Amino acid sequence: MNDAQILWVDDEVDLLKPHILFLKGKGYDVETCNNGYDAIELARANNYDLIILDEMMPGMTGLETLPLIKEIRPTTPVIMVTKSEEENIMDKAVGSKIADYLIKPVNPNQVLLSIKKNVHQQQLVTEKSTADYRGEFGQIASSFGEARTFADWAGIYKRLVNWEVELTDSADPGIREILAFQRDEANAEYGKFVRRNYLDWINRRDAATPVMSHTLMRTKVFPVVDKRKKVTFLLIDNFRYDQWRMVNPLLHPYYDVVTEDFYCGILPTATQYARNAIFAGLMPLAIDKLMPNLWLNENDEGGKNQYEEDFLRRQMQSNGKSYKMTFDKLVRSEAGRKLIDNISRIYDADFSVIVYNFLDILSHARTETEIIRELAEDDAAFRSLTRSWFEHSDLFEMLRLLSERGHTVIITTDHGTIRVDNPVKIVGDRETSSNLRYKTGRNLNYNAKDVFVINKPEEAQLPRTNITSSYVFATGRDFFVYPNNYNQYVRYYRNTFQHGGVSMDEMIVPFIVLEPKSK
């Protein structure tokens, strides 16, 4: 590891021989010079891993040498060493983007620590993370059999996602394969857990029943709105916990995280069902019965989520909530800018609701557009793309503005998404729904061991499209393919991000509450 090349620049370099011998003994290749002019020429001729630069040198000071070195080698870390503890010198050095700042006299271990921090940090962190995950592997595996509640599984999911994010840059492909295998095993066990408990959650509503899509507003959202002066509820379609981990650091200067929790998305984990259930506070069957003119079944023409604001206002009224509310649904990119231009509407509201569809669009674009496939070839790349999009989005600007005005912000979604890679054959008639992670229709033909089946939709509070229709859900990373043109569809949809079925990624939904730092 310690084969890094270091340039040490100091006008009293002869006095540093013990330090240099110490570093060479640790395996470092150390070259020296005693003035800024030579340092610039050496930096031009050699690609050093790190430069140690004395600040107080005759002729050309360290602070004068630093920007010229940075012009030649902008990515090379520079450690500034000085006798002076004057704050203005420290400020100038830090402002010039030095990697570290040491005050003389320095001891060899102090220099070694700074080198390790700036040259080997990623490698050391990765090695430590890899060792820590290997140590936890057995403990995580045993937790699958011990999990009895949705909260237990949410804890397992959070733990696995955190490791996935932590080990993204690991140079050890073996450890990433082990983690991927454990993720798949966890999803398989979670699928069995859902099979055993889902219908009870829908019908019994006891202490073991998690907060679900149709109970989210009255259980978790309205209590926040009741206690705060201004609340913005932000629903980002297709937003998973790992993606939250990516954007959280960007929001840290503006918000404190006061709640990081999860709720359970209903089946199907698709916008038509889950999001309508959130805003109506009702399961799809109840929506269909109470408001048949506002619910469209799978094969009905027209948009399936046109009445979300109507649903929410009805739910507020039935729960005795009279908040001054705004409701905005952003589907096209220019809609975000338009909302920012009219943000005073949101400032004036007690409860502002924003539905943001960009991630859903991005995941569909990944299926249909070759360049997006290449940019988001796996979960790690999709996370990175999410962060890049968010950092430059109107949504980020909007959240900064809301922080300045003292708005509490709730961030959640209606369902997650999972990268599918295992095709499962299914046969249905022309009326069968088109989603790759669930099918509803009549006369469906499939291998029962591959799927989670609800033969009586009313038991899951789901509407029937006809008297003999059923619902069939893919689990794990499966996706449904018809036997006709099988190979063509497998090639097209394998390794795409889909939703609608049973997995931790789709059903264990993040629920975040942020309090602004500035008010």
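1. Cys 33 counts as buried in this predicted model, because its relative accessibility of 7% falls under the 20% cut-off for that class. The residue number places Cys 33 within strand β2, which spans 29–33.

2. Cys 264 likewise counts as buried, with a relative accessibility of 0%. As to disulfides, a search of the whole structure finds zero.

3. The strand β2 belongs to an open sheet of five strands, arranged in the order β2-β1-β3-β4-β5. The pairing in this sheet is parallel. Two strands stand at its edges, namely β2 and β5 (100–103). Each of them has a single partner strand, so one side of each is left without a neighbour in the sheet. From one strand to the next, the twist averages 20°.

4. The pairing of β4 with β5 may be examined in more detail. Strand β4 covers residues 78–82 and is joined to β5 by four bridges, the two strands running parallel. Within this pairing, Val 81 has Leu 102 of β5 as its bridge partner.

5. Which strands does helix α3 touch where it packs on the sheet? Helix α3, formed by residues 62–72, is in contact with β3 (50–54) and β4. The direction of helix α3 makes about 175° with that of β4.

6. Helix α5 comprises residues 108–119 and lies across β1 (5–9), β3, β4 and β5. Relative to the edge strand β5, helix α5 runs at about 175°.

Technical notes: Residues numbered from 1 in each chain as written. Predicted model: local features only at pLDDT ≥ 70, side-chain atom pairs only at ≥ 80, totals over all residues. Heavy atoms only, no water. Pairing = 2+ DSSP bridges. Axes fitted to C-alpha atoms, helices over the stretch in contact; angles between N-to-C directions. Contact = heavy atoms within 4.5 Å. Disulfide = S-S within 2.5 Å. Buried < 20%, exposed > 50% of the residue type's maximum accessible area, 1.4 Å probe, protein only.
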